Amino acid sequence: NFASLGIEPLTVGAGVFGPVQVFTKWPREGAQRYSEISRRSLQIQYTLGAGYELPWLGVRLGATLMLISQIFESELALNLASITIDPEDPDLDAVALVRASDHLIPVPTFAVSARPASLLTLAVVYRLFYDVDASGTAEVVLGRQLSRQTSNGEPFALVEGDKVRGLLSMPAVMRVAGVYRDPDERFEVEFAFVWEGWGRNKEILFKPRGIRVLVPGLNMEQVLE
């Protein structure tokens, strides 16, 4: 609070929030394995905000800049149908352990509240949407049938490359609230409404960058996409 500097209506605050995390896991050989086997997601938020009170109708304005660090660790089974005979055989899969992160993603939030009447207070907060574009690596492990050695001691299949991107779209959020207090303090009426635009959060998309599975003896390859 800046009252000691003669700016009493101004308040500034900083904070660190987290970890906001998700940990999910499914059977390694389950029907979903080509979507995801496991996922760890960690988010840390660094914020700096300011609020200022105007002299009319109790209006208060606020703005916060949040910098987000997003970290992924996902395990995915990859269908190598173009170089295998039975694409449903888990021994012919390749399992990728993907680690990716994106740091200091800027996300602003704006807020306003007012007292249009002495006993009524209204407030609105809006946080903008944001996108995550994480860079990382994919450690690809071939199934037993693909990782075996040939009769001359050479590996049956090889993996080249390990770079990957992780893409994620997060929603905007709006919150509206109000409160009315009875002048005799016999009751209080409150309401709240929250809207979150999760329609843009359809998937976590991993994009390999130049990762290939090669079968030298058969002169075959599959580019992971």
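I note that the model is predicted, with local features needing pLDDT of at least 70 and side-chain atom pairs pLDDT 80 or more, while totals for chains, interfaces and linings use all residues. Residues are numbered from 1 along each chain as its sequence is written, and side-chain values use heavy atoms, with hydrogens and water left out.

Arg 127 is in strand 5; strands (E, at least two residues) and helices (H or I, at least four) are DSSP runs numbered from the N terminus. I found a polar atom of the Arg 127 side chain 2.8 Å from the backbone oxygen of Pro 171.

Next I searched the whole structure for salt bridges and got 14. One of them joins Glu 73 to Arg 99, with the closest N and O atoms 3.3 Å apart. Glu 73 is in strand 3 and Arg 99 in strand 4, so this pair ties together parts 26 residues apart in sequence. Arg 99 also meets Glu 139 in a salt bridge at 3.9 Å, N to O. That pair spans 40 residues, with Glu 139 in strand 6. I logged Glu 73, Arg 99 and Glu 139 as a linked network. Partly exposed means between the buried limit and the exposed one, which is over 50%; Glu 73 has 28%, Arg 99 37% and Glu 139 45%, and each is partly exposed.

I also looked up Arg 144, which forms a salt bridge with Asp 91 at 3.0 Å. Arg 144 lies in helix 1 and Asp 91 in the loop between strand 3 and strand 4, 53 residues apart. Arg 144 is exposed at 62%, whereas Asp 91 is buried at 19%.

Last, I checked the pockets (on a 1 Å grid over the protein atoms alone, open sets of points where a 1.4 Å probe fits, with protein on both sides within 12 Å along at least five of seven lines; lining residues have an atom within 4 Å of a point). Of its 25 lining residues, Val 20, Gln 43, Tyr 130, Met 170 and Trp 198 are closest to the centre.

Definitions and conventions. A polar contact is a pair of N or O atoms within 3.5 Å; within protein, one must be able to donate a hydrogen and the other to accept it, and residues adjacent in sequence count only if both atoms are side-chain atoms. A salt bridge is a side-chain nitrogen of Lys or Arg within 4 Å of a carboxyl oxygen of Asp or Glu. Buried means under 20% relative accessible area, exposed over 50%, partly exposed in between (1.4 Å probe, protein chains only).
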